[in-house]
Amino acid sequence: MLTHAVATQPVPEFAADVLAGLTKPQKELPSKYLYDDVGSALFEVISVLPEYGLTRADERVLLRNAYDIVERLPMPITVAELGSGSGKKTRWLLKALARRQPTAYCPIEISPTALAMCKRELGDIDAISILGFEREYLDGLAEVADRRKINQHLFVLFLGSTIGNFDRPAGLQFLRDIRNTLQPDDSLLLGTDLLKPIPQLLEAYADPVGVTAAFNLNLLGRINRELEADFALDQFEHVARFNPYARSVEMHLRSKRAQTVTIGGAGFSVRFRADETIWTESSHKYSKDEVFQMAKDTGFRCEAQWIDHEWPFAESLLVAQ
Ligand code: AVJ
């Protein structure tokens with residue numbers, strides 16, 4: 001029986017990424033490492049915070065418009081979702097699809113825990129069969145595309161504004177990569193959080209209860225657990241700031257004083273100056289017109305868009321050209 005924390009990512013890759021990130025002039029850590037079991041559970045809590053409207057907006061648009069969205073799709077169809085998370089908001093789309101035809105749903109997730117949760121959450125919908133892929137997004141998508149039957153159209157879901165974690169050029173490249181695994185008339189439903197007043201954005205990423213701070217600090221906790229490091233979590237603090245050039249909210253961890261940390265499992269030590277930060281995530285924010293342009297620039301056409309006005313958020317249907 002294992003009682004210690006089990007590394008979910010192969011350790012050599014995690015160690016290499018931590019070494020590379022913490023030896024840059026602006027120290028950084030890849031945001032994908034925020035989502036171990038603890039981080040994923042904390043994100044679920046973030047998504048119910050009053051200050052963080054993003055997840056609820058995403059769910060509302062899908063709930064209100066599921067039939068309208070599904071009606072625009074060519075049949076028969078296979079659904080592939082990039083980063084299923086808990087799978088909760090996908091329910092409305094799958095139910096609407098199931099009314100038209102029995103449908104295969106292929107969630108693609110690197111986290112086995114999230115994949116299992118998603119199968120449990122969505123396993124009860126009639127006429128939906130679930131086939132999960134424990135893969136990186138593009139690898140998983142290529143595999144789903146390879147298995148498709150000749151007459152099947154693919155419908156890819158990339159929800160929750162996860163694209164916002166890429167900077168703009170990388171986001172465009174990612175859309176191009178998706179497009180290149182698709183055929184004309186396949187489609188992509190893309191969720192994007194829209195620009196809103198800066199104080200509102202900052203509150204969403206620095207909530208008064210401190211859940212987002214815990215989510216961010218857990219990354220150092222994870223490095224301690226999985227890479228035998230000695231980060232003192234109380235010597236770092238969570239910071240959210242708006243970057244007006246990138247139009248993104250950045251999360252950082254600020255060192256409260258000069259200190260040295262040893263990451264035994266990666267074989268190095270690193271010095272922090274007082275107030276020096278580690279940049280852990282960016283969440284880019286878009287305008288609704290920008291999404292049309294992004295589609296055009298990456299081999300898609302934006303065929304329709306649904307907006308939540310309570311918390312400005314867009315769901316856009318991109319059709320491969
Ligand atoms: C799940 C990537 C969309 O960027 O808003 C929430 C993650 N980070 N609070 C986001 C997150 C801090 C979230 N995404």
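**Reading the helices and loops of a predicted model**

Q: Where is Ala127 found?

A: Ala127 sits in the loop between helix H5 (112–122) and strand E4 (128–130), where helices (H or I, at least four residues) and strands (E, at least two) are DSSP runs numbered from the N terminus. This is a predicted model, in which local features need pLDDT of at least 70, side-chain atom pairs count only at pLDDT 80 or more, and totals for chains, interfaces and linings use all residues. Residues are numbered from 1 along each chain as its sequence is written, and side-chain values use heavy atoms, with hydrogens and water left out.

Q: What is the phi of Ala127, which is not a glycine?

A: Most residues other than glycine have a negative phi, and most peptide bonds are trans. Ala127, although it is not a glycine, has a positive phi of about 70 degrees. Ser161, which is not a glycine either, has a positive phi of about 60 degrees, and it lies in the loop between strand E6 (153–158) and helix H7.

Q: Which peptide bond is cis, and what is its omega?

A: The bond that joins Met75 and Pro76 is a cis peptide bond, with an omega of about -5 degrees. Pro76 has its place in the loop between helix H3 (54–71) and strand E2 (77–82).

Q: Is Ser161 buried or exposed?

A: The relative accessible area decides this: buried means under 20%, exposed over 50%, and partly exposed in between (1.4 Å probe, protein chains only). Ser161 has a value of 8% and is therefore buried, whereas Ala127, at 39%, is partly exposed.

Q: Which residues of helix H2 are buried?

A: An α-helix has 3.6 residues a turn, so residues three or four places apart point the same way. In helix H2 (residues 37–46), the buried residues are Gly39, Leu42 and Ile46. They cover an arc of only 60 degrees around the axis, which puts them on the same side of H2; the arc is that of the directions from the helix axis to the C-beta atoms. The buried residues of H2 pack against helix H9 (211–227), where contact means heavy atoms within 4.5 Å.

Q: At what angle do H2 and H9 pack?

A: Axes are lines fitted to C-alpha atoms, for helices over the stretch in contact, and angles run from 0 to 180 degrees between N-to-C directions. H2 and H9 pack at an angle of about 180 degrees, with their axes 9 Å apart, and the two helices are therefore roughly antiparallel to each other (angles under 35 degrees count as roughly parallel, over 145 as roughly antiparallel, 65 to 115 as roughly perpendicular and the rest as oblique). On the H2 side the contact is made by Val38, Gly39, Leu42, Phe43, Val45 and Ile46, and on the H9 side by Val211, Thr212, Ala214, Phe215, Asn218 and Arg225. By class, this contact has 8 nonpolar, 3 polar and 1 charged residues (Ala, Val, Leu, Ile, Met, Phe, Trp, Tyr, Cys and Pro count as nonpolar, Asp, Glu, Lys and Arg as charged, and the others, Gly among them, as polar).

Q: How are helices H6 and H7 packed, and what is their angle?

A: Helix H6 (residues 137–147) and helix H7 (residues 168–181) pack at an angle of about 15 degrees, and their axes are 9 Å apart; H6 and H7 are therefore roughly parallel to each other. Their crossing is right-handed (left-handed if the near helix is turned anticlockwise from the far one by less than a right angle, right-handed if clockwise). Tyr137, Leu138, Leu141 and Ala145 in H6 meet Phe174, Asp177, Ile178 and Thr181 in H7, a contact with 6 nonpolar, 1 polar and 1 charged residues.

Q: Which residues are buried in H6?

A: Gly140, Leu141, Val144 and Ala145 are buried in H6, and they cover an arc of only 135 degrees around the axis, which puts them on the same side of H6. On the other side of H6, Asp146 and Arg147 are exposed. The buried residues of H6 pack against E2, strand E3 (103–109), strand E5 (133–134), E6 and H7.
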